[in-house]
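Me: I have a structure open and want a quick walk through it. Can you take my questions as they come?

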Amino acid sequence: MPFPFQISATEGRARTGVLKTARGDIRTPAFMPVGTAATVKAMTVDQVKATGADILLGNTYHLMLRPGPERMERLGGLHKFMGWDKPILTDSGGFQVMSLAGISKVKEEAVTFSSHIDGSKHVLTPERSIEIQADRIGADISMQLDQCVAYPAEKDAARKAMELSIRWGARSKARFGERENQALFGIQQGSTFEDLRRQSSEQLQEIGFDGYAIGGLAVGEGHQAMCEVLDYAPEMLPADRPRYLMGVGKPVDLVEAVYRGVDMFDCVLPTRAGRHGQAWTWDGPLNLKNARFAEDQDPLDPTIDGPSSQYSKAYLHHLIRADEILGKVLLSWHNIAFYQALTAAMRAAISEGRFEQFRRDFHARHTSNG
């Protein structure tokens, strides 16, 4: 395995540790801010670093369309291009296969799709996905190409997608080969069907990956259904390798997933919510557009280290209502900082053997805020 994964403490199924990479350590549980098009929206890389992020996620689909993988390689890869010297994980483009179903077609050999930018035709095979991620973009962690089905899914459709993902996983691994300073993760699929997820997990381990992701969630199933899958899905994956829950989620989702044995997360929610006036706090989300904040002189959350704590909720309310860019920047920054504070608090709680109490306290505060 190119990246050693050291688990330093556990409490129940929750665990904390470090995934060591050539570009730096990733402390787990870890939240990866999403840099879709070579940027975390509304933030500079130094601002993202200041929040405590150890790793970013890049989006293969968007980067292959613009600026393009070959151009990115000529420019020195994604790290140099965006000025980020810590680890980067890239998704495979598989999620867009589902989300852009109207302009894509899946066959055994590849997925073909039309660009949402200019309508140009593209073909993405498992081999091409790995070439783009590992060789052109230069990701530290690449993901196998997979097929994700929307929720709810008929079991036969979920089975076919899972089995195709296994075949694509084998092809992805063959193209990736063995590398010293780069890793490849496989993706467990199977929708909400326990037997399909078990089959997926067993076959992925036969192929052999450096880490394993839980895919096919955060696709409309809701928090309760997600937790029901996480009651069994993480433990189907190897205990000595990192487990990554793709595309999740709200703070409560992270807490419940860590409770069930997940190590890594990504989601666009922090910056997307920030651009629309929503701030995440220890007492739940606040909609700064609401009139009740118009004369609220208290800071947003003084416990979160970042510039948003320097300003009153009244000022942030004004910026958002006036559609000022600064409002979007400050709330995006705050939300990324809150997610990093949340994962840091979970790491500390697990290390100190008080994660169950942390979980209860977290829920009590969120429930009291509605």
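Predicted model: local features only at pLDDT ≥ 70, side-chain atom pairs only at ≥ 80, totals over all residues.

Me: How much space lies in the largest pocket?

Reply: About 970 Å³.

Me: Which residues lie nearest its centre?

Reply: F95, G247, D266, C267 and V268. They belong to a lining of 42 residues.

Me: And which elements give two or more residues to that lining?

Reply: Two or more residues come from each of β4, α5 (94-99), α9 (222-230), β14 (264-267) and α11 (269-275).

Me: Is C227 buried or exposed?

Reply: C227 is buried, at 4% relative accessible area. The cut-off for buried is under 20%. C267 also counts as buried, with 11% relative accessibility.

Me: Switching topic. What does the domain assignment give?

Reply: Domain 1 covers 5-267 and domain 2 covers 274-358. Their C-alpha centres lie 27 Å apart.

Me: How many residues does the contact take from each domain?

Reply: It takes 26 residues from domain 1 and 23 residues from domain 2.

Me: Which residues line the second largest cavity?

Reply: R27, A30, F31, G52, A53, D54, I55, Q340, T343 and R347. By class, that lining has four nonpolar, three polar and three charged residues.

Me: Which domains does that lining draw on?

Reply: Domain 1 and domain 2 each supply at least three residues.

Me: And which element gives the most?

Reply: Helix α13 does, with three residues. Both β4 (30-35) and α13 (325-351) supply at least two residues of the lining.

Me: Stay with α13. Is W333 buried or exposed?

Reply: W333 lies in helix α13. At 17% relative accessibility, W333 counts as buried, because the cut-off is under 20%.

Me: What is W333 in contact with, sequence neighbours aside?

Reply: Leaving out residues within four places in sequence, W333 is in contact with M43, Q47, T51 and P307.

Me: How far apart are W333 and T44?

Reply: They are 289 residues apart in sequence. In space, C-alpha to C-alpha, they are 9.6 Å apart.

Me: R347 lined that cavity. Which residues does T28 contact?

Reply: R347 is one of them. Beyond four places in sequence, T28 is also in contact with F5, R15, T16, G17, V18, D263 and M264.

Me: Where is T28 placed?

Reply: T28 sits in strand β3, residues 24-28. T28 is buried too, with a relative accessible area of 1%.

Me: Next, α10. How many of its residues are buried?

Reply: Seven of the nine residues of helix α10 (residues 251-259) are buried, so the helix is largely enclosed by the rest of the structure.

Me: Which ones are buried?

Reply: P251, D253, L254, V255, E256, A257 and V258.

Me: What follows α10?

Reply: G261 follows α10, and its phi is positive, near 105°.

Me: What does V248 contact?

Reply: Setting aside neighbours within four places in sequence, V248 is in contact with F31, A218, M226, D253, L254, F265, D266 and C267. Two of those names, D253 and L254, are buried residues of α10. D266 and C267 are among the residues nearest the centre of the largest pocket.

Me: Last one. What separates V248 and L217?

Reply: They are 31 residues apart along the chain. Their C-alpha atoms are separated by 7.8 Å.

Technical notes. Residues numbered from 1 in each chain as written. Heavy atoms only, no water. Buried < 20%, exposed > 50% of the residue type's maximum accessible area, 1.4 Å probe, protein only. 1 Å grid on protein atoms, 1.4 Å probe; cavity = no way out; pocket = protein on both sides within 12 Å on 5 of 7 lines; lining within 4 Å. Helix = DSSP H or I, 4+ residues; strand = E, 2+ residues; numbered from the N terminus. Nonpolar A, V, L, I, M, F, W, Y, C, P; charged D, E, K, R; others polar. Domains from an automatic or database assignment. Contact = heavy atoms within 4.5 Å. Points joined across faces, edges and corners; volume = space filled by probe spheres on them.
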